[in-house]
Structures are given as structure tokens and as C-alpha cells.
Amino acid sequence: MHRALRLAARAAGRTAPNPMVGAVLVRDGAVVGEGFHHRAGEPHAEALALRQAGPAARGATLFVTLEPCSHHGRTPPCADALIAAGVTRVVAAMEDPDPRVAGRGLARLRAAGIAVEVGLGAPEARALNRWYITARTLGRPRVLYKWAATLDGVVAPRVGTSGRISGEASRRRVHRLRDQLDAVIVGSGTVLADDPQLTVRLVPGRNPLRVVADRRARTPAGARLLPALVCISAEAPADRVAALTRAGAEVVVAPTPAGILAELHRRGCLGVLLEGGPRLAAAFLEADLVDEVAAVIAPSLQGGGIPALEGPGGAVRPLRDVRVRKAGGDIWVTGAIH
């Protein structure tokens, strides 16, 4: 199962709207086939493992990180393929929360006389596919809020520019997050102040969908992150909307955090990186739409400025699964709210 989990993780950020799945076929104590789902529309992990095993799949045990599917999508049902191949035992880390599956794949295997076990490696499998689980159970992408601040909690000065807060190692880690998640969101204030690119440049990878929460369509037509998805209110000035459209932006009416996430869910996004600014982040937090946080604490002092969150405040939200790690000279504190 550990091997299956490692295989599944190879496709991080590539499978949306599907989960990451790894599969290993074992017969007489030896691996006879393995595979992982690369991206939506391509063969599932179980199909790749069966293809590699060939006739050796008969009488084998399958270790798989998620319940085999039982429905026809872009690929045939994996449960049927396992039955046809003569697999005699399936060990699945967890059931699939997708309502189209939700235990039906395992039931089909049992009905065919295949021994089924569920739960081996379940915590690791849930952590690996937490983006997918949130999307399937809550109907929205999972949100990770990331910010970089000085020791005194400042993300930017009130006036002027302060340069970069975090170090090179932290910036590379942020670019890896962008590569592994499906979309990155900033507010129009961040676009106006920083003109960010929001691309993956410091590590190999692919750029996420870039999203601007911009109720009044203030994003300049020459902004470096364009083309992007710009989420406006219905009252945004028509001339600004037209200028953004001419500049290559896709403009949609989605003026609230919930509306933005609903639009991204419709597009198949599973994981979203919320990079700011402070008012937008506070709005997501107040709407209870932040699932994880990653605070990058730089070893410096600003002496006054803009805090990571600017809002009316509210209840304390304790974090679970807290981890503290170093990246160069910076300290990363990560944890989950949901």
C-alpha cells in the first residue's frame, strides 16, 4: 500500500477533477503489475496495473489507494476489469466519496466472489486526496491560504514598497504549491499593488488557473497575470469589463468567495491556493471557506504595516495537524482548519 500511495502522489496537481490513485498487483509475494492515474481521460491506475500484469493478474491481490470505480465515465469501470482479469483479493485504502461510486465498486467486487478489505493506509490516502474529498463532499474546491509575514506579523508596509519578505527557498516552495494546485486566487488590491505573475517559474511545472477577485473590474488591461479569470460583481463598469475582455481575460459574475469557489468547482478544480490580499483572505475566512493555512514567517521586523488578515475578526479557529518546518531562513507553519 505504501508503494501504491507513492505512485499516486506522482500525479499531484494533474488529475482534476479526478482523484490521485495508485495500484499495485501482487501474486505469490511478487509485484506483477502497477500503475497510477496520470490525468483525467487517461486509464485508471487499476487498468494500467492489469495491463502490465497480463495473465499474471489471475489469482493476484490488488492494493489500491481508492475504491475501484463502478460506473462508465471517460473510461470503463475498473471493478468490471478486475473481475474479468481474475483478481481474487482487493485491498483498498478507502471508499470513494463520489456519489456515483460510494461503496458500489466494492459491493460489485464482493458480489463476484472477490475478497475485499478496506482501511489499510486510510489516513495517508485521505491526506493525499483531501482536495478531492472536499470537492466531492462539500461541492467546492479545498482552499489553502498562504501568506508571508515578518516576525511582527506584517505582510506589507502601509505605504511604499518593502521588497520580498520571504527567502528564495520559500518562494520555490510556493511555486511548487502553484504547480500542484489547480487555481491561485488574489484580490484586485494585490494586482494593483504588486502586479504579480502568479506563474510557476522557479521549479519545473505548469501554471495554475489564475483568478482575480475583482468586484469593480479594477484589474489593469496590462496586468502581467492576464489572461486570467476575473470575478466581478454585476455592477462593475461596462467599459472596464470590455477592456479586460479585449486583454484576454475571461470575466464572470462571481462577487463573493462562495461564488468564486462555485465557479471553480464547475470547472473541475479540486485545490485552490489563496494568496491574498488581507481583505480577501479575511472574507474567505469569515465565510468559513479556508480549509488549510501555510504561514511563512521571515526572520525580520517591519515595525508597523498591513497584517495578514484585515477584517472584523471573529472566533478563534484552532489548527489541526500542525507542522513546523524550515525553508532557508524562513519558518513554515502549516495546519488544517477543516
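## Glu-292

Glu-292 is buried, because its relative accessibility is 9%; buried means under 20% relative accessible area, exposed over 50%, and partly exposed in between (1.4 Å probe, protein chains only). The residue belongs to strand β13, residues 292-297. Strands (E, at least two residues) and helices (H or I, at least four) are DSSP runs, numbered from the N terminus.

The model is predicted: local features need pLDDT of at least 70, side-chain atom pairs count only at pLDDT 80 or more, and totals for chains, interfaces and linings use all residues. Residues are numbered from 1 along each chain as its sequence is written, and side-chain values use heavy atoms, with hydrogens and water left out.

The side chain of Glu-292 makes a polar contact of 2.4 Å with that of Arg-130. A polar contact is a pair of N or O atoms within 3.5 Å; within protein, one must be able to donate a hydrogen and the other to accept it, and residues adjacent in sequence count only if both atoms are side-chain atoms. Apart from neighbours within four places in sequence, residues in contact with Glu-292 (heavy atoms within 4.5 Å) include Trp-131, Arg-142, Tyr-145 and Ile-337.

## Glu-46

Glu-46 is in helix α2, residues 45-53. This residue is buried but has no salt bridge, that is, a side-chain nitrogen of Lys or Arg within 4 Å of a carboxyl oxygen of Asp or Glu. Arg-51 has the nearest side chain of opposite charge, 11 Å away; Lys and Arg count as positive and Asp and Glu as negative, while His and the chain ends are not counted. Beyond neighbours within four places in sequence, Glu-46 is in contact with Val-21, Leu-62, Cys-69 and Cys-78, among others.

## Cis peptide bonds

The bond from Ala-16 to Pro-17 is cis, with omega near 5 degrees. Pro-17 sits in the loop between α1 (2-9) and β1 (22-27).

Leu-226 and Pro-227 are also joined by a cis peptide bond, with omega about 0 degrees. Pro-227 is in the loop between β9 (209-213) and β10 (229-232).

## Positive phi angles

Ala-102 is not a glycine, yet its phi is positive, about 40 degrees. Ala-102 lies in the loop between β4 (89-92) and α4 (104-111), and is partly exposed because its relative accessible area is 40%.

Asp-321, likewise not a glycine, has a positive phi of about 55 degrees. Asp-321 is in strand β15 and counts as exposed, at 59% relative accessibility.
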